[in-house]
Amino acid sequence: MSARSEPGTGENLIAGDVRLTPMRRQYLSLKAQHPDAILFFRLGDFYETFDQDAETCARVLQITLTGREIGRGQRVPMAGVPAHAVQGYLARMVQAGFKVAVCEQVGETEPATSGARAMMSREVTRVVTAGTVIEPSMLDGRRNNYLVSVVASSATDDRKVKRGIQDERGRALSWGLAYADITTGEFGCAQLDGDDGAEIGREIARLDPAECIIPAIERRVRSDDEMPTIESVACADRHISSWEPHQFDLATARASLHRVFGVASLVGFGCEDRPMAIRAAGALVAYLERTHRSRLPLLDGLITYDPSTYLRLDPYSRRNLDLDDDGSTGARGGGPARVTLVRVLDEARTPVGSRMLRRWLGQPLCDVQSISRRHDAVEGFVRDGARREMVRTILGRVADIERLAGRASQRLASPRDLHAIRTSLIASAEISRTPASGAISGTVADLAIQAVLMEIDPCQHIVDLIGSAVHVEESSTGAGSPNSQGAGSEDAAEGKTARSLQTVGAERIIRPGHSIELDALIASSQSSRNWIARLEGIERDRTGIRTLRVGFNRVFGYYLHVPNSYRGPVPDGYTRKQTLADGERFITPELKEHESKVLTASEAIDALQRRLFDEVQDKVAAESSRLRATANALATIDALSTFGTVAVKRGYVRPEIDETGGLELQGARHPVVEVAVTGGASTGYVPNDCVLDAAGGWMTILTGPNMAGKSTYLRSVALIVLMAQAGSFVPATVARIGLVDRIFTRVGAHDDLVAGRSTFMVEMVEAAQILRHATPRSLVILDELGRGTSTHDGLAIAQAVAEYLHGAAGSGGRPRTLFATHYHELADLDQMLDGVANARMDVLEEGDRVVFLHRVVSGAAGRSYGIHVARLAGMPKRVTERAAELLAHLESRAIRPSGTPVNDLSAIGGAPGAASLGRRRSRTVTGDVVQAGPMQLTMFAPEADVVRSALDQIDVDSLTPLEALNELSRLKRLAQNLP
Ligand code: ADP
Ligand code: MG
């Protein structure tokens, strides 16, 4: 049984090996067309997998591995899943990283000739991959499911450069990027020139695709090594599918786009002159053609965009700022959801609105006018609470029109889906009519909202069509109709009432009055249905069997059930059909006749209803671009009113955006931490100010103890900028923001252990990136830079970076920079460089305890409070006490004039005024090491000095015994530092 015979490869077996069963040959030829996918082969009520696929599925899906005869007395492994539950299994296979080719029985059974068994013709109708799923159960409504296609300029023609990100002459590459969400029809492409990989990586991270398709390495290349392609490097850890390299060729790709969109030129899409974008987009549609054989999902045109026109944020900063979780956690994964910016802001009422919100936050704008337009509309919703509530209440009735329309275009919608579209359109018409309250009517804010409302197209004829054509059962749950049940529910209809018997086999999905033909068919079968419905009563009367029942089951059809309690003779004309434990089942010739009428009619009715329903779906699909426009307008209204709602709820203000280079925030809060701290038992969030401009300084160096709130402060500034440019109001009392083109954030190695970036090297590479790319419009956030190395190196580098950023003064100013550091020495930079200001985190010292006030005040921190943090963290008292002792020794050794912080490095920088800095400086210059051992410390501790000088002053010879005792006691107190 377990002796698994070698099934061989498709090629040598399909070619007419007559000893194989016909079905096996059919299977092998289909499998040969999809060697990289698991083939789900439809066999009656199951999808079966064979050979290696079966073993894989048995393991991944935890299903039983069996075997099947394939001819020549051979058996191969087989594992199958029931067809009615296939979605769940598909989802699990795709999640586990497999592609699944779904092979359906198509057309009629081939007629059985001369005794041979008839065979179904079969065809792969779809290849299910992570980026091409359409099943609602496999999608998260709140986020897009993007399929991304990536191609690099020399990737297919020069393998020497595959490993690197540059071509052989060291030039940066050109990239083509295309993305599509086939569930919504969104399709975009971009070309990125002269990019060393950072830009493309940023775009891919922003899209967070479910699947990336890249050119496969051609076979002759593959053998020599495992070198990753440049595209796979760009896609990093994502789900990657290799796709035929020739599909990425310009001519092929162009032809694919022409074919799919039925156009002769790509000028209308704006990518005619962007060959890389065309290559990526063309390969993507060809991939969709392959995965969705029968009906290509509807793509809504192609939009060419330029990533550099948006506020740019690298993947690292995206994570570092906790913008969004990656989709694998939370809603889908079930793990504890991370609190992210998106989670705090996403109070959207509709899935389309949620997706819009995510897109906006992922791609903040970079132009004052568009940003202001969003702010105007948000302001309208903030000021007009009545309209806001009205709009949001109605939005609650709006379903995911985008995805529903997508399903209709694939003929996959249910009657319920179509009615959801209808209800949503009716709601959208109501929304488009919501009036502004008197106070804001006619204002700029009102006009901004009106402009979006005007985009709503309520598609009245679609509403009418669905309303008059499509029937949905009021109470129907959508599942469990007679047609959708498997053979297992043989007796499902047993014991049903006469009324329900009437509906066997004919689920109504088309309303009466929509089709004369259908209504006639139904009427003609109705008399037989009525006859059957009356039969039970008639037969009970005729035979006198009070317990006689009429029933129906899928296998035997209609029957008369006579229970065992009846002991009389079989009534006239009854033919025994089936004997059960509790009775016998009979038929009569008349019942058979009516049954056949009912069943024939119900088949015809089903077929006709299906056809009529598909016609409705096609009409809906034909309007999909109008539906999408409406969905888009509703999504925009939802996102804007959500910003309005959150602004009111959390007390955000409208930021002022302009073209100046400055940044001024008052009462700024971290939107996520704020929610966390006010939710808990703590005292609430402490707002802070931030000024970065010519007057106040372009760079602020923020010093302060650990846990004082430095990182939180830095991130709050970055998040406020990002939210503002995405169109949201911001958590502050006043916000004036000069347009920011890029936000850079770097967090020192010790603060970023989670990301696994523990090496100093990585940190420096990233700092170098900032130095190369920051412009006068950028915002740079450096948190504990230089921590990944020993104190001196780290400090030196941190200072050099700060000086460089300061010196990187282009014509229009400097990058606005916030630099948090525990190197107090850096605070001296404000004396050496103009435009640098110091700030510190305020702390309250109560005896030997420290309270963090989380307040940013000007000036530099004088000391570190690491030990107090250790105490807060619950370190054993002996440890903290000893540490305090050591610290006291250390501090008393480092004699500082007038308490100013000591800067070891100012000497290197050659800064003026550094000469007054005393001992430490000269130690650094001579290369002496600051960290002295603990032994040394105790020997030369200051208390010892006092005691020693006291000892020196004692004239032992002149002391009386009593004086000696008193003196001894005094010395002891001196040594203990007591008065
Ligand atoms: P640092 O970077 O200085 O070590 P963090 O920014 O990590 O400090 O802040 C430590 C903790 O203090 C945060 O997790 C937060 O709970 C709290 N915190 C920070 N800033 C504030 C604030 N402004 N108001 C209230 N709590 C804050
Ligand atoms: Mg920190």
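User: Let's start with Ile182: is that residue buried or exposed?
Analyst: In this predicted model, Ile182 has a relative accessibility of 4%, and because the cut-off for buried is anything under 20%, Ile182 counts as buried.

User: OK, cavities next. How many cavities of 30 Å³ or more are there?
Analyst: The count comes to 4 cavities of 30 Å³ or more, and the largest cavity has a volume of about 80 Å³.

User: What is the lining of the largest cavity like by class?
Analyst: Sorted by class, the lining of the largest cavity holds 4 nonpolar, 5 polar and 3 charged residues.

User: What about the second largest cavity, what lines it?
Analyst: About 70 Å³ of space lies in the second largest cavity, and the residues around it are Glu199, Arg202, Glu203, Arg206, Pro307, Tyr310, Leu311, Arg312, Leu313, Arg318, Gly362 and Gln363. By class, this lining divides into 4 nonpolar, 2 polar and 6 charged residues.

User: Which element gives the most to the lining of that second largest cavity?
Analyst: Helix H5 gives the most, with 4 residues; both H5 (198-207) and strand S13 (312-313) supply at least two residues of that lining.

User: Switching to aromatics: how many aromatic pairs does a search of the whole structure find?
Analyst: The search finds 12 aromatic pairs. One example is Tyr179 with Tyr305, whose ring centres are 5.9 Å apart and whose planes stand at 80°, so the pair is edge-to-face.

User: Where in the chain do Tyr179 and Tyr305 lie?
Analyst: Tyr179 lies in strand S8 (residues 173-181), while Tyr305 belongs to the loop between strand S12 (303-304) and S13, so the pair ties together parts that are 126 residues apart in sequence.

User: Are those two tyrosines buried or exposed?
Analyst: Tyr179 counts as buried at 10% relative accessibility, and Tyr305 is buried as well, with a relative accessible area of 8%.

User: Which residues form an aromatic cluster?
Analyst: Tyr27, Phe41 and Phe50 form one aromatic cluster.

User: And which charged ends sit over a ring?
Analyst: Among them is the charged end of Arg374, which sits over the ring of Trp360 at 3.9 Å from its centre, and another case is Arg585, whose charged end sits over the ring of Tyr559 at 4.1 Å from the ring centre.

User: Back to S8. What is the strand order in the open sheet of 6 strands?
Analyst: The order is S11-S10-S7-S8-S9-S12, and the pairing in this open sheet is mixed. Strand S11 (240-243) and S12 are the edge strands, each pairing on one side only.

User: How many bridges join S10 and S11?
Analyst: Strand S10 (residues 211-215) and S11 pair in the parallel sense over 4 bridges, and within that part of the sheet Ile214 stands opposite Ser242 in S11.

User: Last topic, backbone angles. What is the phi of Asp208, and where is that residue?
Analyst: Phi of Asp208 is near 45°, which is a positive value in a residue other than glycine. Asp208 has its place in the loop between H5 and S10, and at 25% relative accessibility Asp208 counts as partly exposed.

User: What about Asp322?
Analyst: Asp322 has a positive phi of about 55° although it is not a glycine, and Asp322 is found in the loop between helix H10 (315-320) and helix H11 (341-345). With a relative accessibility of 27%, Asp322 counts as partly exposed.

How values were computed. Residues are numbered from 1 along each chain as its sequence is written. Chains are lettered from A and ligands numbered from 1 in the order in which they are written. This is a predicted model: local features need pLDDT of at least 70, side-chain atom pairs count only at pLDDT 80 or more; totals for chains, interfaces and linings use all residues. Side-chain values use heavy atoms; hydrogens and water are left out. On a 1 Å grid over the protein atoms alone, a cavity is a set of points where a 1.4 Å probe fits but cannot get out, and a pocket is an open set with protein on both sides within 12 Å along at least five of seven lines; lining residues have an atom within 4 Å of a point. Grid points are joined across faces, edges and corners, and a volume is the space filled by probe spheres set on the points. Ala, Val, Leu, Ile, Met, Phe, Trp, Tyr, Cys and Pro count as nonpolar, Asp, Glu, Lys and Arg as charged, and the others, Gly among them, as polar. Rings of Phe, Tyr and Trp (its six-membered ring) pair if their centres lie within 6.5 Å; planes under 30 degrees apart count as stacked, over 60 as edge-to-face and the rest as tilted. Buried means under 20% relative accessible area, exposed over 50%, partly exposed in between (1.4 Å probe, protein chains only). A charge sits over a ring if NZ of Lys or CZ of Arg is within 6 Å of the ring centre and within 35 degrees of the ring normal. Two strands pair if DSSP finds at least two bridges between them.
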